[in-house]
Amino acid sequence: MNRKKPEQIVKLLRKTDEELAKGKAVEDFCREKQISPATYYRWQRKYGNLQAEDAKRLKALEVENAKLKRLLMEITLANEAMLEFLKKA
């Protein structure tokens, strides 16, 4: 599977907009770029009105958010374990 970075997706969407303005069909463009139309529309919904720098920042925030969620989960588990220990004592 060939994963594209968010900034690559934004550039691809801009190129698609240019091609669509010239009269090319979305399906034809997707076939050339070897992506499915569903993928194109998902990307359009997520990255459609972003610039490349914004897409990079969005990805960085998503990664940071995932790390913070994991950290919160670990702290919550540790807190529950301590409460369980104190109940037994």
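Trainee: Is E19 buried or exposed?
Mentor: E19 is buried, because its relative accessibility is 16% and the cut-off for buried is under 20%. Keep in mind that this is a predicted model.
Trainee: OK, and which helix is E19 in?
Mentor: E19 sits in helix α1, which covers residues 6-21.
Trainee: What does E19 touch, leaving out residues up to four places away in sequence?
Mentor: On that count, E19 touches K24 and F29.
Trainee: What comes after α2?
Mentor: Q34 follows α2, in the loop between α2 and α3. The phi of Q34 is positive, near 60°, and Q34 is not a glycine.
Trainee: Is Q34 buried or exposed?
Mentor: Exposed: the relative accessible area of Q34 is 74%, and the cut-off for exposed is over 50%.
Trainee: How far is Q34 from N2 in space?
Mentor: Their C-alpha atoms are 9.9 Å apart, although Q34 and N2 are 32 residues apart in sequence.
Trainee: Moving on to α3. Which residues are buried there?
Mentor: Helix α3 spans residues 37-47, and its buried residues are T39, Y40, W43 and Y47. Looking down the axis of α3, those buried residues fall within an arc of 100°, so they line one face of the helix.
Trainee: What about the other side of α3?
Mentor: A38 and R45 are exposed over there.
Trainee: And what does the buried face of α3 pack against?
Mentor: The buried residues of α3 pack against α1, α2 and α4.
Trainee: Let's do the largest nonpolar core. How many residues, and which ones touch the most other members?
Mentor: That core has 13 residues, and L13, I35, Y40, W43 and Y47 touch the most other members. Helices α1, α2 and α3 each supply at least two residues of this core, and the largest share, four residues, comes from α1.
Trainee: Y47 keeps turning up. What does Y47 touch, not counting residues up to four places away?
Mentor: Y47 touches P6, I9, V10, L13, R14, A55 and L58.
Trainee: How do α1 and α4 pack?
Mentor: α1 and α4 pack at an angle of about 145°, and their axes are 8 Å apart. The crossing is right-handed.
Trainee: Which residues meet where α1 and α4 are in contact?
Mentor: From α1 you have P6, E7 and V10, and they meet A52, A55, K56 and K59 in α4. By type, the residues of that contact divide into four nonpolar, no polar and three charged.
Trainee: Last one, K87. Where does K87 lie?
Mentor: K87 lies in helix α4, which runs over residues 52-88.
Trainee: Buried or exposed?
Mentor: K87 counts as exposed, because its relative accessibility is 67% and the cut-off for exposed is over 50%.

Technical notes. Residues numbered from 1 in each chain as written. Predicted model: local features only at pLDDT ≥ 70, side-chain atom pairs only at ≥ 80, totals over all residues. Heavy atoms only, no water. Buried < 20%, exposed > 50% of the residue type's maximum accessible area, 1.4 Å probe, protein only. Axes fitted to C-alpha atoms, helices over the stretch in contact; angles between N-to-C directions. Left-handed = near helix turned anticlockwise from the far one by under 90°. Contact = heavy atoms within 4.5 Å. Nonpolar A, V, L, I, M, F, W, Y, C, P; charged D, E, K, R; others polar. Arc of directions from axis to C-beta. Core = buried A, V, L, I, M, F, W, Y, C linked by side-chain atoms within 4.5 Å.
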